Each structure stands twice: as structure tokens, then as C-alpha cells.
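Hi there,

Here is the structure I promised to pass on.

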Amino acid sequence: MEPIRVVDVGEVSPVASQAVYHAVAYAMEDATPDTILLVTSLKPYVSIGYHQDAEKEVDLEYCAQAGLPVVRREVGGGAVYLDRNQVFCQWIFHRDRLPARLEDRFSVYIQPLVETYNQLGIPAYHRPINDIQVSGRKIGGTGAASIGRSEVVVGSLMFDFNHELMARVLRVPSEKMRDKVFQSIQEYITTIKRELGTLPDREEVKGLYLQRCARALGRELEPGELTEREWEVVRELEERFSSEEWLYQKGGLRQSQVVKIHADVHVAEVTHKAPGGLIRLTARLREGRIDDLSISGDFTILPAWAVGALEQALRGLPLKPEALHQRMSDIYRALSVQAPGMSIEDLTQALMLLEQIR
Amino acid sequence: MRVMAVYNACEIPEELYYDVDYDVWVRLEEDGTVTLGMTDPAQAQCGRIVNITLKGVGKALRRGQSAAIIESAKWVGPFPTPLSGVIVAVNEGFRSDLLLANKDPYGAGWLIRLRPTNFAEESKVLLTGSAAVEAYRKKIDQRKVHCIRCAG
């Protein structure tokens, strides 16, 4: 089989960092080689998933003030803050030259990333289907798409990540939820810098990565350039990706207020109207269990510190009505809780809303 | 009577027509329209659908154009129509349950209904009955697909 073309695109504008792999995919012809692009965005920006509703998911006002462009990609997933500290590794292949099964396709794609991290001394591993983790923390995301005649898989080498701005650019229903998202990102997302305490030489890491790609794919790699035609499509797509029509395009049928941190960790906020007032729950779920919880609202509860006791007591429990009910009954009894119009059933119902939106 | 071939837990109803390359099933309706949906192997490979955008009623599509964009947890891609035509209906059921195609790909999980504009010519590539089952056996083997349905 012919060698894979490697194009180190270098540092480009935010919109170009997205447009370039879409362009290679859309411009693909029979004679186009399978291609691996290495790309970095010179300036920070926010990338949103294909189906996301920009206004609902991203704090556009903040982004405008901070000078952060927001760019929709044709790959799925959530909004992410990106900057110079990630090298995007974008594969654009002919349909029949990557494994047909998604699980296998991600295995091939993720192997060189994992091996590069390992080579740097970071004990990263592939957490199927498409996560890369280090001791339960995620190091970069990956995604796949069928674009034009090609299959595309994208991900990144995570040199560093701005956890704070990531939490800041999201539109969330409350500051409490933002805090929880921020804490969760801090806790569950890691980077090369965090793991090593220092930043290795970028060119060296890219070199390691490409060697590992050749081995994982069992093919030769050859440095190359984009064709004139491909650059033309890059420019066309830059225009489209910069248009308001593209950014504000309404998403698909599902809209939700869940922030996925990694494969097993989600932060969500739900409200439930109980006779005694509104119950608002901000929760982090890990593998279907309550990992962290805040209860607020306009209900009355005595003693006042019973709220904290409930929050503590519910941590670690699975979202199962019986288990939740039992634990809360114990607390209500032990503390002689008085909460007019906020029964254990009301709280159980509110908690079970978390299950539905996961 | 409905005749259903099952291979690696993938169901291939023999009364339907298939574009095996696109992984799309076609049902010929009595009023001359056609209903399209994802096959069982297609929904299994795509995985749990997390979002879907359907093109609007009245939209004219050429063969190969995308009638919907489907997003699963791991992948985004088009749902290509094997027949040119004008969309006469889309499945509104996805508004309340995104998993319809994962649960019941040949029934409640249909995607769109078209009034075909070049049926005589384009339907020649569609397979049905044992020919479709045979083609799917090959494809399922080649892609190592094992079908799983989301619980209803």
C-alpha cells in the first residue's frame, strides 16, 4: 500500500485548525493518500460538537468579551476550550483502510498516542471505547466521523490544558454547577505537564508519535504537503465555519444540561417542584453513583444542617430509588428532620431525574 | 408472514429492500412512497444514538445525499438515501426517544419517508430476500459485527 502522507501544518488560526482536516476529507479523491495531520491553534478558542446548540452550551457573551472564537466541528461530543498547548492529531483515511468496527478503529488510533505517553514516562492506557486515561484521569479526547468519502478520527497530544477557562466558557445553569464542573475537570482531566511536572520538547514528542503511528498501522509514513485544491477547500470551509449561520445552526433533537467530563463522569443539575418548594440538585455522577452532591432550593428544613448531612450521606450511593430512600429515612429519623412539603419521596424523585438525563 | 434471517444476532427481514453499501433498508409503501431506516448491523455499529438531525419535509434529495446526521457517543455521520426523492415525512418519534433506531430499527426506528423520483433506475441496486441476507452475511463476517439492541 502507498505510504501515508504526514503534514505538519504547524500553528494556524483557530478556524483553520478545524477547517484543515474537514477540507482534506471533503477534497478526497481516489488518488489522495491517507493522511495524518498535526495541527496546533495559535490562539485559544472554543470548539463545539456537531449537534450542539451554541447559545445553550457556551457562554457566548464571555467568549466575545475574551476574544475567543467559537467554531463548530463536524465531529461529535461536547464543547471544549483549546489553545496552543494541544497538538491535534487528525487522521483522514480512505473508508476501507481503517478497521470497519469503531472499537477497532479507535484501538488503532489510540495505540500510538498511548505509546507516546508511555515513552515519555506517563502510564497512560486505552480505556475502551475511545478514552485515554492515566490512573482514572482522562488525557485528551478522541472522536470519529464519516466526512465526504473519508473516515476521520481526531484526538490530541495534551501538553497542557486550561481547566479554569474550560469551566468558564460553558453555559451552565448556576455558579454552583460551574464550580462542580471546574472541580471535576481539575480532578478528572490530566495533561503531560501535570504528569511530568515539566513540558517535554514538542518536536521530539511529535516525532515519537509519528514513529508509533507507522508501527500501529504497519505502513510507511512520508512527509508531504496539502495540494492547492485542498488549500482551496480549507479556505472555503474557513468561510463557512466563520459564518453566523453555521455557528447558530440549531442542534439536533436532544438538548441537555449535562457536562460529560470523561467516559464515566458527568456533572448535571436538575430541579424538581415539591409541595414545599423547589429542589435543585447539582451532582457529579461517577459510574452511575453519586460522587458529589449539592442540594439547594427554597424549601424549609430543620435542623438547617440536615442538608449537609443528606449531601454527605448520599455520596457513593447508586441511583436506585430503594437505596436512596433507605439512606434518607435513616437521616430523617436520626436528626428528627422536619421538612414540610419536602418528603423523602420528593427528594428521591428529584435524585432520579439525574438518572434520566445521564 | 414476516420472514426474518438472523445472523450474529443481526436481524435481516427478508421482505425489505436493502442498499448494503449504505447500510439502509427500504420499505415500499402502498401509496408509492418508500420508508428508509438504519439496518440492525448499522445501528449496532453506530452504537447508542445521542443526537440526530433529520432533513425537513419537502426537501429534495439525490441518491447518496444525506437525509439525516446521526451522532452516537463515538461517531458522527450521514444517513445517505439510496433513492432520490422528496421527503414526505420524518419520524417525529425521535423527539421523545432518541434510541428508537437502537431498539427497533425496522419498526418504530424508521427515519424518513420519501416520494422517489427515479425509482425504476435506482432500485436496481437494492437487494431483497435471500440475496440481501447473503450479502449481509458477508458484510457481517467481514466487519465482525455482532448485533445488540438497546433495551426497550
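Predicted model: local features only at pLDDT ≥ 70, side-chain atom pairs only at ≥ 80, totals over all residues.

Residues are numbered from 1 along each chain as its sequence is written, with chains lettered from A and ligands numbered from 1 in the order in which they are written.

The largest nonpolar core has 145 residues, and A:Val46, A:Val152, B:Val26 and B:Leu36 touch the most other members. (Such a core is a set of buried Ala, Val, Leu, Ile, Met, Phe, Trp, Tyr and Cys residues joined through C-beta atoms within 7 Å; buried means that 20 or more other C-beta atoms lie within 10 Å of a residue's own, placed from the backbone.) Beyond its neighbours within four places in sequence, A:Val46 is in contact (C-beta atoms, placed from the backbone, within 7 Å) with residues including A:Val58, A:Leu68 and A:Val169.

Strand β3 of chain A covers residues 45–48 and is joined to β4(A) by 3 bridges, the two running parallel. (Strands are DSSP runs of E, at least two residues, and helices are runs of H or I, at least four, numbered from the N terminus; strands pair if DSSP finds at least two bridges.) A:Ile48 stands opposite A:Arg72 in β4(A). The open sheet here has 3 strands in the order β4-β3-β5 (chain A), with mixed pairing.

Finally, in chain A, residues of α11(A) such as A:Leu310 and A:Leu314 belong to a group that meets A:Leu324, A:Arg327, A:Met328 and A:Ile331 in α12(A).

Best wishes

Conventions: Buried ≥ 20, exposed ≤ 12 C-beta atoms within 10 Å, placed from the backbone. Contact = placed C-beta atoms within 7 Å.
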